[in-house]
Amino acid sequence: MSERPTAQELTEAILEFLGGEILPTIEDPRLRFRTLVAMNALSIVYRELERLPLEDDTEQCELAQRIRNGDVPPGTLARVKRDVAERLRIASPRYLETYGKTAPE
Amino acid sequence: MIAEMREALQAVLGSEPSEPKLLAGGASKEAWAVDAGGERLLVRRAAVGVIHRHTLSLADEFAVLEAAHEAGVKAPRPIAYIPDLDGREAFVMERLEGETIGRRIVRMDGLPAELPTQLADELAKIHAIPRARLAFLQEANLDRMVDELDEVGEARPAIELGLWWLREHRPPPREPVVVHGDYRIGNVVVRPHEGLVGVLDWEFAHVDEPVRDLAFALVRAWRFGVPDKRLGGIGDVEPYLDRYNDLTGLDVRAEELDYWELAGNVGWAIGCLTQMQRHLSGLDRSVELAVLGRLGAEVEYEICHLLEKVAA
């Protein structure tokens with residue numbers, strides 16, 4: 001399943017934020033050092049993610065195109081909802097709880 | 001920069017302004033709080049390097065605010081448009097006292113029971129602004145959403161399903177009117193007991209179907225964690241809809257509102273992706289925009305939920 005921003009792109013955004021906006025405001029030398037260490041750790045994650053193969057999104061692309069063409073067989077909605085719930089379990093797991101019993105297992 | 005800004009403001013306002021304070025929030029526009037001549041003012045100024053498609057320039061937004069004010073809409077009093085405020089365009093308006101943060105409004109002590117009908121009152125006034133008064137406003141339609149999705153180029157089956165359903169079930173078109181374009185909790189000023197005192201953020205104003213504007217406040221993302229109150233986390237839809245129908249003479253049915261609520265969700269799901277794209281393309285690097293790309297899945301889930309309800 002395709003997901004954007006990728007984990008690597010998110011890591012990059014956080015690194016930019018820490019380096020560009022947070023670090024320049026830190027005056028306490030100890031906190032500054034610890035922030036640099038944290039950023040270094042995050043760059044390790046960034047480089048490690050770089051080596052992972054990209055996820056295959058062919059299936060989602062084909063499904064999206066079929067729906068665009070008006071080809072929506074029974075069961076499509078249930079399948080799409082399951083896929084979205086799967087992505088939400090990563091992106092925002094507590095959001096699913098706001099639907100109470102209607103959230104799929 | 002602040003000194004230049006004060007000087008320019010003094011020239012326009014004719015009295016010495018206090019030191020401008022930059023307020024939080026608003027990625028596309030800066031907001032500065034300033035006091036001058038005994039008045040509370042807010043300076044809305046373009047942010048650097050940010051270009052939004054389908055949003056008004058500050059000059060046009062100021063003109064919309066003037067028209068709304070003339071029409072008796074509760075909105076900050078427009079004071080002056082400034083083509084060059086320390087290098088960027090800006091305008092000055094009254095700074096209303098009250099709460100604008102959605103999360104705080106839905107949990108406010110003393111939130112008046114009239115807020116839903118107050119929201120309907122102001123929207124009816126906005127929709128009555130003559131189109132000729134704001135002839136520069138563009139007309140929008142549902143096809144624009146497809147174009148925006150294609151520009152991002154991400155495959156999103158849930159959004160496609162929403163667009164497909166909207167194409168198949170389109171209600172008879174209504175006469176287009178001047179719409180606010182982002183009418184919801186979070187873009188209005190609310191005070192305890194008094195309720196709605198001002199409508200803000202006119203940059204998405206355009207010409208469109210009135211019910212689309214009416215239904216946008218129902219979108220779950222704008223209920224701020226109180227999903228059971230379908231109108232913006234603050235109340236029920238029925239008094240809002242009834243009052244709007246009474247004032248406009250339209251006979252908007254509940255199913256029509258359902259249709260446009262779904263359209264509002266589809267629009268915001270695509271909006272999350274276009275915001276993400278602003279980050280990824282380098283136009284406006286920000287964790288906030290990046291993470292919207294992922295949080296869009298919440299809106300996609302709501303699209304599926306609403307589709308299940310209409311299919312049942």
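**Close-up views of a predicted model**

**View 1. Domain 1 meets domain 2 in chain B.** In this predicted model, 17 residues of domain 1 of chain B are in contact with 19 residues of domain 2 of chain B (contact: C-beta atoms, placed from the backbone, within 7 Å). On the domain 1 side, the touching residues are twelve nonpolar, two polar and three charged. Ala, Val, Leu, Ile, Met, Phe, Trp, Tyr, Cys and Pro count as nonpolar, Asp, Glu, Lys and Arg as charged, and the others, Gly among them, as polar. Domain 1 of chain B spans 2-94 and domain 2 spans 102-311; these bounds come from an automatic or database domain assignment. Their C-alpha centres lie 25 Å apart.

**View 2. Helices α6 and α10 cross in chain B.** Helices are DSSP runs (H or I, at least four residues), numbered from the N terminus. The axes of α6(B) (residues 157-168) and α10(B) (residues 287-311) come within 9 Å and cross at roughly 40 degrees. Axes are lines fitted to C-alpha atoms over the stretch in contact, with angles from 0 to 180 degrees between N-to-C directions.

**View 3. Residues at the α6(B)–α10(B) contact.** α6(B) contributes B:A158, B:I159, B:L161, B:G162 and B:W165. From α10(B) come B:E300, B:I303, B:C304 and B:L307. By class, this contact has seven nonpolar, one polar and one charged residues.

**View 4. The two domains of chain A.** Domain 1 covers 7-50 and domain 2 covers 58-102. The C-alpha centres of these chain A domains lie 34 Å apart.

**Notes.** Residues are numbered from 1 along each chain as its sequence is written, and chains are lettered from A and ligands numbered from 1 in the order written. Local features need pLDDT of at least 70 and side-chain atom pairs count only at pLDDT 80 or more, while totals for chains, interfaces and linings use all residues.

Methods:
Two residues are in contact if their C-beta atoms, placed from the backbone, lie within 7 Å. Helices (H or I, at least four residues) and strands (E, at least two) are DSSP runs, numbered from the N terminus.
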